[in-house]
Amino acid sequence: MSRIALARKSAHASRDSLTALRSFNFMDIEKLTALALADTMLATDGSPENLVAACTRVFAASQPWAPGICMALALRTGENFHYFSRHELAEILLELLGRGCVDLDEDDEAGDSAPPFIELPAVRRYCIDQPRRPPKPAWLAALALPELQTVGDLAALLNEPVGALRWFADQWRIARDEQSRLQHYHYRWVPKRSGGQRLIEIPKERLRRIQQTILRRILDLVPPHPSAHGFRRGHSCVTHAARHAGQHAVIRMDLKDFFPSIQHSRVQALFEKLGYPESVAGTLARICVNRAPHGLFRDKQAGGLLAWSERQALKSPHLPQGSPCSPALANLCAYRLDIRLESLARSMGASYSRYADDLAFSGGEEFARSGERFHIQAAAIALEEGFRVNTRKTRLMREGTRQQVTGIVINAHPNIARDEYDRLKAVLTNCMRHGPASQNRQNHPNFQSYLAGRISHVAMANSDRAAKLQRLFENIVWPT
């Protein structure tokens, strides 16, 4: 190719790029103008006359097209005006102004029903007022959550300066090294019972105090679904298992990567559902989520062995396992999952409950006959709600075999498995005879507290067996 041809080709490419750039800039300016108009409109009561006044304020002059466009907007949104986001409202405005696509009737000639193209003037005034919130529904008003209209109100609730909240909520400025002082979390890998590693993300002291305030002042006031038994006062793994005692068939399922699968967008949507403005909901969500630093996954014995999807979930803003807010947020984010799974179980005459990531279903003979198909439907619902089922842990336990849920045997009534009880009894007996050091084979830092916790777990299901174990525990001579 000659130099002249190359020069012509380069000139054509530059001209095309310039045209595309100009088109992009024009559309970008149109979008920003529509957003500024939407912001001002959302700060009004949504009536046509106030929408016209909003147009006048934004452009510092009355616009001849404003009455018709505002009337059409009011008819389009109706009583739900304040439920639209600024981006949704801007899209509608651009469509009404001739930027969007409209459906034409077959009888209409092309262009007869299309809105005229209206050129928007430059924005003269931007709105700094908060958008008006729609009236709270009865269920939300009954919760009596604290009113937080601005990030300043949130800072006052948390007893922190606004700048500190921005620092803790700024998850984009993240250090590559997990040991960096800029990190808000400590990290620890712990082995799973089923194999693999689980990442525990522990917030540092100041962030933990902020998250505890969010939990106490906001999240504890919102009840989870009645089927959720984990992380709730008055509920435990025993109450979860007891709901399925004495049934013909029990299905146990496990949600994979429960906390990391709940991402930032879902947490922010939850806070917005609780009636908080987008800015407040976004700050709350960013304070409650975390992104694991990349350096954590360089160790081949820990994070390096995780599947690609698990690493990506941990590297994205997610609910950290170890935060005070995460259990309550996980329960609330799984509310729709609980509704759908309970409805599915009820349609089969069965019962449903959930303890964190452990799902349990139980029923009579009809449910037992359909058990092979039922767990496939439940897994499909979980996938639609953003969760994945670990199919390797799915169990169908029929009458006549050991039915066990969260370590509790439920064939007739909730009880501790006999082999587990016998092992704990043997350990306590050997501690009494040979000393506790001889039985601490896993090197627990506080073996006495560990054994006391095991006995308390037995006491939740069987107080008589726990009393026998407690007498052995009291006869152990502990080193001073």
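Visitor: Let's start with the hairpin of β4 and β5: which residue takes a positive phi there?

Guide: Happy to, and please keep in mind that this is a predicted model. Strands β4 (residues 351-355) and β5 (residues 358-363) run antiparallel, and two residues lie between them in the hairpin. The one with a positive phi, near 60 degrees, is Ala356.

Visitor: How many bridges join β4 to β5, and which residue is the bridge partner of Ser351?

Guide: The two antiparallel strands are joined by five bridges. As for Ser351, its partner lies in β5 and is Ser362.

Visitor: There is also an open sheet of three strands; which are its edge strands?

Guide: The strand order is β8-β9-β10, with antiparallel pairing. An edge strand pairs on one side only, and that applies to β8 (404-405) and β10 (415-416).

Visitor: Which residue of β10 is the bridge partner of Val409?

Guide: Strand β9 covers residues 408-409 and pairs with β10 over two bridges, in the antiparallel sense. The bridge partner of Val409 in β10 is Asn415.

Visitor: On to aromatic rings. How are Trp189 and Phe297 arranged, stacked or edge-to-face?

Guide: A search of the whole structure gives 12 aromatic pairs. For Trp189 and Phe297, the centres are 6.2 Å apart and the planes make 75 degrees. Planes over 60 degrees apart count as edge-to-face, so the arrangement of Trp189 and Phe297 is edge-to-face.

Visitor: Which ring does the charged end of Arg465 sit over?

Guide: The cut-off for a charge over a ring is 6 Å from the ring centre. The charged end of Arg465 lies 4.8 Å from the centre of its ring. That ring belongs to Tyr421.

Visitor: How does the reach of helix α8 compare with what is expected at 1.5 Å a residue?

Guide: Helix α8 spans residues 205-217, which makes 13 residues. Its buried residues include Leu207, Ile210 and Ile214. From first C-alpha to last, α8 reaches 18 Å, close to the expected 18 Å.

Visitor: Where is Gln470, and what separates its C-alpha from that of Ile455?

Guide: Gln470 is in helix α19 (residues 463-474) and, at 30% relative accessibility, counts as partly exposed. Ile455 is 15 residues away along the chain, yet the C-alpha separation is 6.9 Å.

Visitor: Last stop, the second largest pocket: which residues lie nearest its centre?

Guide: This pocket holds about 900 Å³ of space and has 36 lining residues. Elements giving two or more residues to the lining include α1 (3-42), α4 (86-96) and α10 (264-273). Nearest the centre are His82, Arg133, Tyr276, Pro277 and Glu278.

Conventions
Residues are numbered from 1 along each chain as its sequence is written. This is a predicted model: local features need pLDDT of at least 70, side-chain atom pairs count only at pLDDT 80 or more; totals for chains, interfaces and linings use all residues. Side-chain values use heavy atoms; hydrogens and water are left out. Rings of Phe, Tyr and Trp (its six-membered ring) pair if their centres lie within 6.5 Å; planes under 30 degrees apart count as stacked, over 60 as edge-to-face and the rest as tilted. A charge sits over a ring if NZ of Lys or CZ of Arg is within 6 Å of the ring centre and within 35 degrees of the ring normal. Helices (H or I, at least four residues) and strands (E, at least two) are DSSP runs, numbered from the N terminus. The expected span of a helix is 1.5 Å times one less than its number of residues. Buried means under 20% relative accessible area, exposed over 50%, partly exposed in between (1.4 Å probe, protein chains only). Two strands pair if DSSP finds at least two bridges between them. On a 1 Å grid over the protein atoms alone, a cavity is a set of points where a 1.4 Å probe fits but cannot get out, and a pocket is an open set with protein on both sides within 12 Å along at least five of seven lines; lining residues have an atom within 4 Å of a point. Grid points are joined across faces, edges and corners, and a volume is the space filled by probe spheres set on the points.
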